[in-house]
Amino acid sequence: MGFDTQAIHAGEEPDFTGHPSGDVVVPVHLASTFARRDVDEPTGGFEYSRSGNPTRFALEKKLAAIENARYGLAFSSGLAAETTLCLSLLKAGDHVVAFDDLYGGTRRLFTRVFQESYGIHFSYVDARDPENVKAAIRRETKLVWLESPTNPLLRLCDIREIAGIAHDAGALVVVDNTFASPYFQQPIALGADVVVHSTTKYINGHSDSIGGALITSDEELFRNLRFHQNTAGAILSPFDSFLVARGIKTLAVRMERHERNALAVAGFLSAHRNVTAVYYPGLPSHPQHTLARKQMTGFSGMLSFELKGGKAEAKRFLRNLHLFALAESLGGVESLIEHPATMTHASVPQEERRNVGVSDALIRVSVGIENADDLIADLDQALGTL
Ligand code: P1T
C-alpha cells in the first residue's frame, strides 16, 4: 500500500478497539484506567493508560506503518523518546559515537545528563565520512547516533554504509529522522535499528503538540523500549496522540509542498548578494546532493544559510521579517526562522559550535506551505535592509 494510503488508514480500522460505533476516526480515549470483568482479563487489552491507551495505540500503529516498520511507541517529546532509548540500551562505561552536528538539546542530554551523571561516553565525529565513524568505534561502543539531514547544517551521512560498519562492530544504529520525515526517508530500510522522531515537527505538522517517537522492526528491541516507556512513564497524552494521528494524514501532501517551497527559497537565496552560502540538500551545489538522491526520495523543507556579516546583521535581518515567525522548532505549516547560535544550539559550547561550523551568521529556515512568492518577498525585503 502507498505511503499516503497508510498514513490515512493505518491504526484507524473502524473496529480495532472493539468500539461498536464504527468511528472512522479513532476517538480520544481520555480514561486513565480500564475496568475489567475478571482480575486476569483486561477488557480489550488495556489496563492503565500509561501502559497502553487506545488512542495512543492507534497512533503507534500509524507511526510504524509510515516508517515501513513493525513497531512504534509515542512519547511526550522527542527528548523523552531519546531519554527512554538511552535508558533502555546504555549503562555506565558504554560508549556512543554520534554525528557532531545534532540538535543542541540532544547534545545537551548526552553531555549534561548521560555523560556527566551516568558515566556514558560520547564521541562526536563528522559522519559525512563513514571512515570517521569507523575510526571512533571502540570495544564499548553500543550505539551509533545519527541525524540525516542534520540540525542545523543540513549535512547527510550514508546510513546504509554506516549501519554496515556499526553492525560489524556489534553496535546498534539510531537515526533521528525528524528533518527528512518518513515521507522522504525510511532509515530502517537502509539498515538503522531504531528511528527517532520529534513528532512535534513534520509528523504533527501544525505546531500545536510536543511529542516524540521510537520506531523499530526488531521485536526484542521493541519489548525493551516498551518496558522502559511504561516504567519511566514519558508517554504521549491521548489528546496529543489524536492530534499527531490527524497530522500524519496530510503528511504526504504537506511534504510535497514544503519541498517545492524550499527549492524556490533556496534558489532565491543562492542568487542573493547578501547571502554567502545556502545549505539545502536539494540544490545540485550541495556537496552531498548525490547521496540525498540515493537515500532520500525528496529534500524536505529545511534549509540554512549564511548571511554576509555576523551576529548584528543576523539580528537586523530577523527583526525585519514580517511573515516568518522568529521561533525555535520547525516542520509546521507556517514558516519559521531562527538563529541557531543564540537559540536552538545555544546550549552547545561556543567552541564546539565553531568546530562543527555553526557560525553567528547562520540562519535556519523551516519553509512552510504558504505561497512561495510571499515567502520570497518577505526574505527579499529583509535582506534589502542589510
Ligand atoms: O522538542 P522535542 O520534541 O523534545 O524534540 C527534540 C528534537 C529531537 N531531534 C531533532 C532533530 C530536533 O530538531 C528536536 C527539536 N528541535 C527543535 C526544537 C529545533 O528548533 O531545532
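**Loop geometry and ligand surroundings**

L154 is found in the loop that connects strand 4 with helix 6 (strands of at least two residues, E, and helices of at least four, H or I, are DSSP runs numbered from the N terminus). The model is a predicted one, in which local features need pLDDT of at least 70 and side-chain atom pairs pLDDT 80 or more, while totals for chains, interfaces and linings use all residues. Residues are numbered from 1 along each chain as its sequence is written, and side-chain values use heavy atoms, with hydrogens and water left out.

Although L154 is not a glycine, its phi is positive, at about 55 degrees. The loop between strand 4 (141-147) and helix 6 (159-168) also holds P149, and the peptide bond from S148 to P149 is cis, with omega near -5 degrees. P152 lies in the loop between strand 4 and helix 6 as well, and the bond from N151 to P152 is likewise cis, with omega near 15 degrees.

Around the ligand there are 18 residues, of which D176, S198, T200, S329 and R364 are the closest (a heavy atom within 4 Å). Helix 3 (residues 78-89) supplies the largest share of this shell, namely three residues. Because domain 1 (3-248) and domain 2 (253-383) both give residues to the shell, the ligand lies between them (bounds from an automatic or database assignment).

Polar contacts (N or O pairs within 3.5 Å) reach oxygen atoms of the ligand from a backbone N or O atom of S329 at 2.7 Å, from a backbone N or O atom of G78 at 2.9 Å, and from a polar side-chain atom of S198 at 2.9 Å. Taken alone, the ligand exposes 470 Å², and the protein buries 93% of that (Shrake-Rupley, 1.4 Å probe).

Conventions:
A polar contact is a pair of N or O atoms within 3.5 Å; within protein, one must be able to donate a hydrogen and the other to accept it, and residues adjacent in sequence count only if both atoms are side-chain atoms.
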